[in-house]
Amino acid sequence: MTQLTRRRFNHALLGTAASLWVPQAGRAATAEPLVARPARARLAPAEYPETDVWAYGGTVPGPVLRVPQGARIARRFVNELPQPSSVHWHGIRIDNAMDGVPGVTQDAVAPGDGFLYDFTVPDAGTYWYHPHNRSWEQMARGLYGALVVEEPEAAPPVDLDEVLLIDDWRLTDDAQIAGGFGNLHDRAHAGRIGNWITVNGDGAWSREVGRFARLRLRLANTANARIFALETRGLEGWVVALDGMPLAAPEPLKRVTLAPAQRADLIVDVTAEDGVEALLVSFERDGGYALASFPVRGVARTARRPDPAALPPNKLPDLGPLDQARRVDLLMEGGAMGRMQAAMLDGRMTEMRDLAAVGKTWALGGMADMPEAPLIEAARGETIRIAMTNDTAWPHAMHLHGHHFRQILTDGSTGPLRDTLLMDRGEIAEIAFVADNPGDWLLHCHMLEHSAAGMMTWLRVA
Ligand code: C2O
Ligand code: CU
């Protein structure tokens, strides 16, 4: 009986969350609009009621958009929510006008209105989409989905390619989404941390696999603020990409830390024995929790495949000589237990108490609201270095729009390409990128209550 229920459950899941939208290569897909609207989802176990959510296409997550590299995506967003919204295509080096940031690249889309997003995807990899208006509320209510861009040439062969969007929800006792979005306590502390974790909107996500099958798992942290420390059991392999971008060489998989908005592509082999469950495990303060299970049924092959090659690299410009690059400092300050006394708000130096009264608890470069002038104005093609100092008692996930960057490590070497960098309390980190994408681009903390409360700035590429 349990088996039957579980099997039916999985089947239903395939019909919804995993539904694919595959355009033909070479021409824009005339796809159905992407409608954001209130819906109901089964986030919690069967003994609880369904949860009222806001969702793209009526499902949590929204549809997986899967397109070939270089494809054009033309998709009309329709807002059937009770408040204005927009769609941001996170990690895509996109045309600025399509970046989905109200007040910067477009007007917010009013309830009942629509907006045509029309752009090409330059890079293969794992990306995602989410609202960029009141995101601390809209994403907490369930608005997000995956955008997978397929490599043109054969990537290392796998038997199964799964997107796993990991989210945490703050639910009430009857499994409804708790209110209090963007409250001052969440803003000043770790952000909205939930009490219920799902993978693809399912608290017990599961997929049957054969022993020695090779899986590509595309993990993304879609939570407002929770940082996940992930390990696998019975799945052995490599990290092959971070934030969409292939690593130069696959790295043996041990623990993957995902800050909000970060992604990791894994290639793993099922090494658990037939009849056992392989697991994706999240380590919390009080121990490990299985987020997703892979029950092993039978044998896919007799032994593991040979080690995979690296994914084909995306074509990004070289950083060039870093000692000649322009460098700007960015101080991150504020929050509970911080040292910040005051920051600029509306062009006036404002004391912490008065900042908090209007929901501002953080500052970037001394500014507690979106500055009128950009942090930096870059010439197109110029290499820019941003040295960030996290002078707060909290970790932050710094995200740059429209570009991928590399961290400059203390020995002068550079880290992997990323679009979101996790910075620990007290950490100093310097990033470098080629500002080759013209337009106005945000740089902000992806802990959504933090960006709402002042951790947001922008830069201009001429
Ligand atoms: Cu995914 Cu400005 O964010
Ligand atoms: Cu933050």
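**Questions on a predicted model**

Biologist: Where is Asp243 found?

Modeller: Strands are DSSP runs (E, at least two residues), and helices are DSSP runs too (H or I, at least four), numbered from the N terminus. By that count, Asp243 lies in the loop between β16 (235-242) and β17 (245-252).

Biologist: How should I read the numbering and the values?

Modeller: Residues are numbered from 1 along each chain as its sequence is written, while chains are lettered from A and ligands numbered from 1 in the order in which they are written. The model is predicted, so local features need pLDDT of at least 70 and side-chain atom pairs pLDDT 80 or more, totals for chains, interfaces and linings use all residues, and side-chain values use heavy atoms, without hydrogens or water.

Biologist: What is the phi of Asp243?

Modeller: Most residues other than glycine have a negative phi. Asp243 is not a glycine, yet its phi is positive, at about 50 degrees.

Biologist: Is Asp243 buried or exposed?

Modeller: Buried means under 20% relative accessible area, exposed over 50%, and partly exposed in between (1.4 Å probe, protein chains only). Asp243 has a relative accessible area of 0%, so it is buried.

Biologist: And Met337, buried or exposed?

Modeller: Met337 sits in the loop between β22 (326-334) and β23 (342-345). Its phi is positive as well, near 60 degrees. Its relative accessibility is 67%, so Met337 is exposed.

Biologist: What is the relative accessible area of Cys445?

Modeller: His450 is buried, at 0% relative accessibility. Cys445 is buried too, with a value of 0%.

Biologist: Which residue in β32 stands opposite Gln407?

Modeller: Strands β29 (residues 405-408) and β32 (residues 428-435) pair in the antiparallel sense over three bridges. Opposite Gln407 stands Ile431.

Conventions:
Two strands pair if DSSP finds at least two bridges between them.
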